[in-house]
Amino acid sequence: MTSTTDEIPLSTTAERQAVTNGGVAPEKDWVIVTRGLKREYDMGGEIVRALRGVDVAIRRNEYVAIMGPSGSGKSTLMNLIGCLDTPNAGEYWLNGMLVSGMHEDELARVRNKEIGFVFQTFNLLPRASALHNVELPLVYAGVPGDERRKRATEALTRVKLGDRIHHRPNELSGGQRQRVAIARALVNTPAILLADEPTGNLDSATSEEIMGVFEGLASEGQTVIMVTHEPDIAAHARRVIVLKDGMIESDDRRENFRAKIHSTGGASKIGI
Amino acid sequence: MPFIEAVRLALAQIRVQKLKSFFTLLGVTIGVMFLIAVISIVQGMSSYMENDFAAKMLGVNTFTLRRFPWFGDGAQSEAEWRQWVRRPRIYHSDLPLVTRAVPLGSRIAVESQEFLIAATQWARPKQVEAHAVDGDYFAIKKYDVASGRLFTNQEADLGAPIVVIGDEVAKYFFPNLNPIGRDLRIKGIPYRVIGILEKQGSVFGLSLDRVAIAPYNSPMHRFTNPRGDVDGIMVQAPTPNEMDEAMESVREVMRGKRNMRPSESDNFFMETSASALAFMDKLKTIMTTAGTAFPAIGLIVGGLVIMNIMLVAVAERTHEIGIRKSLGARRRDILRQFLVEAATLSTMGAIVGIILGIVLAKGISMATPLPAKVAPWSIVLATLLGTVVGVVSGVYPAKRAAGLDPIAALRKE
């Protein structure tokens with residue numbers, strides 16, 4: 001699949017409303033559907049309502065950025081989407097499975113099979129080689145050693161690190177480390193690639209390089225969800241969801257998001 | 001995560017932190033080392049007692065009629081000891097009675113010994129273990145000559161002044177000479193050396209080659225047992241089955257001769273290798289209990305050290321645990337990883353301890369007369385014990401690691 005950005009089918013607002021309102025399991029085509037997702041924290045007696053009912057619907061192959069200032073609940077939403085946390089209320093469907101309400105070990109399984117994480121701080125094991133880092137998800141999936149090495153090498157080759165597989169993270173540049181992390185995220189062919197501030201620790205040139213990698217993956221049909229607070233980075237995605245105070249403020253195509261930034265003269269107006 | 005993967009991971013972790021791992025292992029290593037050494041020495045002693053001591057000192061199928069036991073742990077009280085020394089002695093004149101009582105084909109000998117000064121013109125006077133014996137003494141003791149010959153019956157009956165000497169006696173009193181045909185003076189009386197015994201070795205560091213054996217009827221018995229009594233009458237039954245029968249017969253004639261009432265208990269003792277070894281079992285129990293208490297403390301301390309180190313490891317590797325959890329590690333994967341790591345550490349410590357323990361046991365047996373024998377089951381036990389200590393001390397840290405919240409763990413650098 002080498003279609004251009006414009007040809008990628010983006011879900012429309014009407015479609016999204018339809019799927020988030022229906023009380024039944026969404027069709028397979030919808031990778032992520034949340035209905036009235038709520039998450040509250042008890043901070044020493046004070047209840048912090050991080051998410052107050054979020055409806056998100058993301059179709060397969062979409063490339064979505066989730067934006068919002070700190071405290072908007074975007075990290076909480078990312079943790080919920082990434083199955084690292086469970087909501088207090090609401091439904092979360094991931095790839096046709098009702099994830100909300102699953103217990104710990106089932107969530108671990110879902111993380112292993114359906115989600116590929118890319119973190120701001122890379123989160124690679126410092127003492128392990130790039131190959132071993134990429135193998136890790138396969139280890140927990142129970143893939144035998146030979147196949148593991150083969151698939152990990154393939155994944156590293158895919159992010160153009162085929163010649164660096166035995167290097168440790170401290171022997172790699174920031175951009176290379178993030179590419180190792182991307183290879184690790186992709187090695188289990190997950191339903192979604194979930195990136196949390198993937199360029200937060202990188203200089204602008206390297207950031208562009210990494211965004212290029214995401215671009216390529218998205219155009220190959222990988223569903224990518226990126227959490228960021230940088231409008232420039234978010235503008236790489238085809239659809240931008242903006243959160244504010246635990247609610248969705250806007251959810252629109254990139255073109256409209258850009259127009260909004262320009263028309264209002266900067267990020268400040270959209271709460272960033 | 002498969003078990004083998006967890007082991008590989010644990011080994012890699014240990015390799016990375018060699019020095020820390022070494023100190024972690026120390027407790028278990030020392031514990032296991034002493035455990036192996038103690039068990040080896042107890043085992044060595046008991047097999048030595050059973051195989052060498054019992055056979056050399058007491059003989060097979062053999063019992064010795066004595067006033068009271070010679071081997072063993074002695075009188076249990078002052079009163080018992082006083083009772084023992086009031087018993088009538090065993091005399092040479094009891095010999096015909098015993099000879100008539102025992103089954104046909106039994107070997108019988110009197111035994112009578114004393115440490116006496118011997119001398120020749122080639123060496124300074126020195127103590128030897130002088131024996132005055134008769135009958136089948138050499139056959140019962142399985143003594144054979146390396147050169148020369150044993151007594152003939154006539155010589156024994158007549159009490160000819162002749163001796164058969166041990167290897168050490170020969171070497172000391174007759175340096176670079178052939179002792180056969182030469183005289184050895186014991187208490188001033190010359191005895192002609194007619195034979196030299198084969199080398200017997202030693203029991204607990206006591207040489208068995210310092211003997212000079214003369215016929216009972218020779219002047220020797222006046223010195224070994226001046227009162228006319230003997231140390232004991234040795235009887236070797238022809239087969240193991242006839243041993244009890246022989247002992248019962250001897251008990252009967254002795255009680256009869258001494259006019260004992262049925263209510264009285266025996267005022268003599270028939271010592272067998274079993275009765276002599278009974279005390280060895282007691283000793284073994286004491287040594288094993290005392291000897292394992294110290295290693296047990298080592299193992300407990302070792303376990304605590306491992307627990308402590310694992311807790312530190314969990315704290316240090318919280319971020320790693322977060323990463324692993326985000327990649328799909330389940331609770332039990334993390335639990336297993338840390339359990340296997342603790343068990344691997346501890347088992348390695350045990351293996352090092354086993355090697356050092358064997359070296360220690362061998363060292364002790366070389367430096368002292370204590371024999372050592374490494375029992376294969378003790379190696380298996382020690383390895384198992386090491387693993388168990390690791391697993392037990394790893395449970396709590398591993399549970400802590402497995403229960404970490406992935407988000408909080410990821411956030412911690």
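A:Arg49 is partly exposed, at a relative accessible area of 46% (buried is under 20% relative accessible area, exposed over 50%, partly exposed in between; 1.4 Å probe, protein chains only). The side chain of A:Arg49 meets that of A:Glu40 in a salt bridge, at 3.9 Å from N to O (a salt bridge is a side-chain nitrogen of Lys or Arg within 4 Å of a carboxyl oxygen of Asp or Glu). A:Glu40 is also partly exposed. Its relative accessible area is 35%.

The model is predicted: local features need pLDDT of at least 70, side-chain atom pairs count only at pLDDT 80 or more, and totals for chains, interfaces and linings use all residues. Residues are numbered from 1 along each chain as its sequence is written, chains are lettered from A and ligands numbered from 1 in the order in which they are written, and side-chain values use heavy atoms, with hydrogens and water left out.

Side chains of opposite charge can pair when their charged atoms come close. One such pair is A:Arg39 with A:Asp85, at 2.9 Å from N to O. Helices (H or I, at least four residues) and strands (E, at least two) are DSSP runs, numbered from the N terminus. A:Arg39 counts as buried, at 14% relative accessibility. A:Asp85 is buried as well, with a relative accessible area of 13%. A network of salt bridges links A:Arg16, A:Glu62, A:Arg239 and A:Asp251.

In chain B, B:Asp167 and B:Lys171 form a salt bridge through their side chains, at 3.0 Å from N to O. Both residues lie in helix α7 (residues 167-173) of chain B. They are 4 residues apart, about one turn of the helix. B:Asp167 counts as buried, at 15% relative accessibility. B:Lys171, in contrast, is exposed, with a relative accessible area of 57%.

Helix α13 (residues 376-402) of chain B contains B:Ala382. B:Ala382 counts as buried because its relative accessibility is 0%. Leaving aside residues up to four places away in sequence, B:Ala382 touches B:Val32, B:Ile36, B:Ala350 and B:Ile354 (contact means heavy atoms within 4.5 Å). The C-alpha atoms of B:Ala382 and B:Met270 are separated by 41 Å. These two residues are 112 residues apart along the chain.
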